[in-house]
There are 2 protein chains.
Amino acid sequence: MRIGQAAELAGLEPSAIRFYERRGVVPAPERTSGGYRTYRSDHVELLKLVRRLRSLRLPLDDVAEIVELQVKGEPPCTAVRAAIAREQAAIEQRIRDLHRLREELGRLEAAAERLSDDWPRTCLCHVLEAPA
Amino acid sequence: MRIGQAAELAGLEPSAIRFYERRGVVPAPERTSGGYRTYRSDHVELLKLVRRLRSLRLPLDDVAEIVELQVKGEPPCTAVRAAIAREQAAIEQRIRDLHRLREELGRLEAAAERLSDDWPRTCLCHVLEAPA
DNA sequence: CTTGACCTTCGACCAGGTCGAAGGTCTACG
DNA sequence: CGTAGACCTTCGACCTGGTCGAAGGTCAAG
């Protein structure tokens, strides 16, 4: 099977698969005499794994480590759980940041509502005078 | 005033200021005969504005538009409010995505807890079998 | 005049890919 | 056999928002 079909089965773009290969995330497949990459079903399973892990937003380095374990036949459970725990922590942090930002934008929006008609020329200063 | 002091006053890195200038976000300042950028207080105010808008995570293109209005002496209120509204919408979306992701990671973590000791060799499949 | 702090430009690098150009391969059909 | 067209190859640039380092220039104080 060539890269297009493998991509379709795995739910990835061919360009992404080549990129993963270049970055050492997945092993390089064999080639035809003409230079075409040829994938087998076990390779497609690896690509599906990559897609699944990326859909969890795990960094490529973590994905590479997990795929490597999988290729070696070792259970990657521990690595998967560690990566997921790291990602969870990062997400909690990002959610907190975004909530704070959402509140700030809400306050600015409300302030702009009140000010824009009254002092159109000074609105910016008033709206943005909040703590930098 | 040279770039280092302007950067300090505005709370930015000199490299960031040069970057903003290259990207047309802020106007290019005058130079000394030796080629050093020289900033005046109104320029520093623009840089502070950029920093404030970037602290709200507004995209550089939006910041550039707002700064341009400010330089022309026009009140950028409308542009500021539009940019903030766009950013708010994006943030709502991101928060929703992250909440969903957090839930999914929590489920995986719980599943891994239950499985990792019992079926270490098949843990990965079970943990990741959820919908891709 | 030298020292040292500061500045200049240029180019590479980060994540995580995407897109396009120029060219090669493979398959099916006539 | 030839060729059309779908697919593939590599390479390099581009995206966002900057940061960092190298090689070299400038400027004030001592």
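Axes are lines fitted to C-alpha atoms, for helices over the stretch in contact, and angles run from 0 to 180 degrees between N-to-C directions. Helices (H or I, at least four residues) and strands (E, at least two) are DSSP runs, numbered from the N terminus. The model is a predicted one, in which local features need pLDDT of at least 70 and side-chain atom pairs count only at pLDDT 80 or more, while totals for chains, interfaces and linings use all residues. Residues are numbered from 1 along each chain as its sequence is written, and chains are lettered from A and ligands numbered from 1 in the order in which they are written.

**Exercise 1. The pair H3 and H4 in chain B**

Describe how helix H3 and helix H4 of chain B pack.

Step 1. Helix H3 of chain B covers residues 41-55 and helix H4 of chain B covers residues 60-72; the two pack at an angle of about 150°, and their axes are 10 Å apart.

Step 2. Angles under 35 degrees count as roughly parallel, over 145 as roughly antiparallel, 65 to 115 as roughly perpendicular and the rest as oblique. H3(B) and H4(B) are therefore roughly antiparallel to each other.

Step 3. The crossing of H3(B) past H4(B) is right-handed. A crossing is left-handed if the near helix is turned anticlockwise from the far one by less than a right angle, and right-handed if clockwise.

Step 4. On the side of H3(B), the contact is made by B:Leu46, B:Leu49, B:Val50, B:Leu53 and B:Arg54; on the side of H4(B), by B:Val63, B:Ile66, B:Val67 and B:Gln70. Two residues are in contact if their C-beta atoms, placed from the backbone, lie within 7 Å.

Step 5. By class, the residues of this contact are seven nonpolar, one polar and one charged. Ala, Val, Leu, Ile, Met, Phe, Trp, Tyr, Cys and Pro count as nonpolar, Asp, Glu, Lys and Arg as charged, and the others, Gly among them, as polar.

**Exercise 2. Chain A and its pair H3 and H4**

Determine the order of the elements in chain A, and then describe how its helices H3 and H4 cross.

Step 1. Chain A contains six helices and two strands. Read from the N terminus, its elements follow the order α-α-β-β-α-α-α-α.

Step 2. In chain A, helix H3 (residues 41-55) and helix H4 (residues 60-71) have axes that come within 10 Å and cross at roughly 150°.

Step 3. H3(A) passes H4(A) in a right-handed crossing. H3(A) contributes A:Leu46, A:Leu49, A:Val50, A:Leu53 and A:Arg54 to the contact, and H4(A) contributes A:Val63, A:Ile66, A:Val67 and A:Gln70.

Step 4. The residues of the contact of H3(A) with H4(A) comprise seven nonpolar, one polar and one charged.

**Exercise 3. The loop between H3 and H4**

Where does A:Arg57 lie, and is A:Arg57 buried or partly exposed?

Step 1. A:Arg57 is in the loop between H3 and H4 of chain A. Its phi is positive, about 65°, although A:Arg57 is not a glycine.

Step 2. A residue is buried if 20 or more other C-beta atoms lie within 10 Å of its own, exposed if 12 or fewer, and partly exposed in between, with C-beta atoms placed from the backbone. Because A:Arg57 has 13 C-beta neighbours inside 10 Å, A:Arg57 counts as partly exposed.

Step 3. In chain B, B:Arg57 is in the loop between H3 and H4. B:Arg57 has a positive phi of about 65° and is not a glycine; with 14 other C-beta atoms within 10 Å, B:Arg57 is partly exposed.

**Exercise 4. The surfaces near the DNA strands**

Identify the residues closest to DNA strand C and to DNA strand D.

Step 1. A residue is near a molecule or strand if its C-beta atom, placed from the backbone, lies within 6 Å of it.

Step 2. DNA strand C is surrounded by 21 residues, the closest being A:Ala16, A:Gly34, B:Arg2, B:Gly4 and B:Arg37. Helix H2 (14-22) of chain A, and helices H1 (3-10) and H2 (14-22) of chain B, each supply at least two residues of this surface.

Step 3. DNA strand D is surrounded by 21 residues, and the closest are A:Arg2, A:Gly4, A:Arg37, B:Ala16 and B:Gly34. Here H1 (3-10) and H2 of chain A and H2 of chain B each supply at least two residues.

Step 4. The surface near DNA strand C has eight nonpolar, eight polar and five charged residues, and the surface near DNA strand D has eight nonpolar, eight polar and five charged residues.
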